[in-house]
Amino acid sequence: MKKTNTILLLLAFVLAANTIFAQVVENRWLEEVFTEVEVEADVTYGVNATVLRLPELGEAIPEELKMDIYTPVGDDIDSRPAVLVFHTGNFLPNVTNGQISGTRKDSSVVEFCTRLARYGYTAAAVTYRKGWNPLAATQPERALGLIQAAYRGVQDGRTAVRYLRKTHAEDGNPYGIDPDRIAVIGLGTGGYLTLGMVGLTDYNKIVTTTNGPAKFILDVNGDGIPETPMVVPFYHGDIEGKELAIAPDGAFGYPAGDTSSYVNLPEYSSDFNLCMNVGGALGDISWLDETTVPIITVQSAFDQFAPYEDDVLIVPTTGDPIVRVQGGLEIAKKQEDLGTNQAWYDANIDDVFTTTAMTNSMNAGHQYYEGLYPVTNPVNTNGVDEGVVINWWDPSALSPPILPDFPNGVPWNMLPHPSGGTFHTQGLLTNVGMSAEKARTNIDTVFGYFIPRAYITLNLATNTTELLDENEVNLSVAPNPVDNQVVISTNSATPMEAIQIFDMNGRLVRSYTNVNNNVYFIPRGNLPGGMYAVKIKFEKGIIAKKLMFR
């Protein structure tokens, strides 16, 4: 009986080790295999003109554009897919936007980027230019301000994509990206921005909208016929953010001769492969065509601010109408017609998140469209639809500096909100029971739906390293089982480049980079007894072996 149990135990170890190998070697993009994440903060990816201080200074001034870049610690792959994450915030600065959120340091953005890095991606939390007047007296003036703000955001988003390609081509690829596998994710207002990046591939699309027609054209002379586009490249720069623009006269609030757009990395492509929109909407459905990259949308079917179907966007803090836009359902229908979501159908994704998306689609009153995850939660105890709750905050944390009265900021639970109460109490109206646990549970759902579809669209199944036969390099891992130290050796003509050890849950527990040797000694240290997987990287591929510590 004892012998039988021993054989069964060894068989279980072998099967478990094989599971780890499959996870680490083949499916790293489908599971979180890294535990530590490194962040390089405040990376400048470009410079462009901001209008935030235009009323005060009488001119647009240059603003450094920043991102924080997240990478998995101990990863030896230098061709990771890259994902750029854009925060919410109504295209206005934090506090001015009436929200606790609105920066690349938002809890949601940090969580998204951290998780992406644990999956093996390179992730960038991107800040973009802000500035418009949501309190303008008329609807056309509000639409004018918003489309110009969104246009600047699209320019910045595309500049950020080009910057990552530049680091790969010119800087030695410090973030280990694959320039042919890039995705963008927009949260809230960031969703409007990323959908603009998807759809606005041609400036003429701004002036030829269909839902509704001419909505981004002004009737300046009052004859009832719109004739002046709200965005003009001579004043606002090209749609890529690549060219210099100097205002020829005093139109659109710029003084004549003011630099309104700067040159940013024009030699690189702004293209990307995939977009995920969480709670945003599209400026016009006509912007999508057969060349459009696939779009994943996670949105409340009852969203009170960003229309789920075809409706007028309103200012969250004032309730004023801005412009007609199209949300997740209309995007999904158009994507279905175009066939840009067909690969997801072909993959027959069968998991709890897809099943729930199907059920929620029925609850929302429509068929299931692959790529659309409707959220159909009931209203909260305040009678409000909460949308997709992915943010949380510390009520006693300080707001950004509010000059000149409060140069160090004010705690959110003490900062008065324009709509009454404090920023904290206002935030609770649409986030009852606010907590990290609540937000992370919703983020679990977003990632559960996103990850397999990103794996398909980014073609990550082909992005794995070739598996080598250990006999090719005469690999030795001894002793095994290990008491105190294991020696890994090879007589290969090319030395070992890196070594990683993973536990039974697929978590990276040891990483040795820049090995560059044919013999390497690894002390056991504080690793507990049990079965592990060791991955050894060579120039031509990798070898994975099971390893046991007594």
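Predicted model: local features only at pLDDT ≥ 70, side-chain atom pairs only at ≥ 80, totals over all residues.

Reply: Residues are numbered from 1 along each chain as its sequence is written, and side-chain values use heavy atoms, with hydrogens and water left out.

Me: How many disulfides does the structure hold?

Reply: A disulfide is a covalent bond between the sulfur atoms of two cysteines. Here a disulfide is taken as a pair of cysteine sulfur atoms within 2.5 Å, and the structure holds zero of them. For Cys 113, the nearest cysteine sulfur is that of Cys 275, 15 Å away.

Me: Is Cys 275 buried or exposed?

Reply: Buried means under 20% relative accessible area, exposed over 50%, and partly exposed in between, with a 1.4 Å probe and protein chains only. Cys 275 is buried, with a relative accessible area of 0%, and Cys 113 is buried, with a value of 0%.

Me: Which residues is Thr 297 in contact with, leaving aside its neighbours within four places in sequence?

Reply: Contact means heavy atoms within 4.5 Å. With those neighbours left aside, Thr 297 is in contact with Asn 277, Gly 328, Gly 371, Leu 372 and Tyr 373, and Thr 297 is itself buried, with a relative accessible area of 2%.

Me: What is the class make-up of the lining of the largest cavity?

Reply: Ala, Val, Leu, Ile, Met, Phe, Trp, Tyr, Cys and Pro count as nonpolar, Asp, Glu, Lys and Arg as charged, and the others, Gly among them, as polar. The lining of the largest cavity has 17 nonpolar, two polar and no charged residues.
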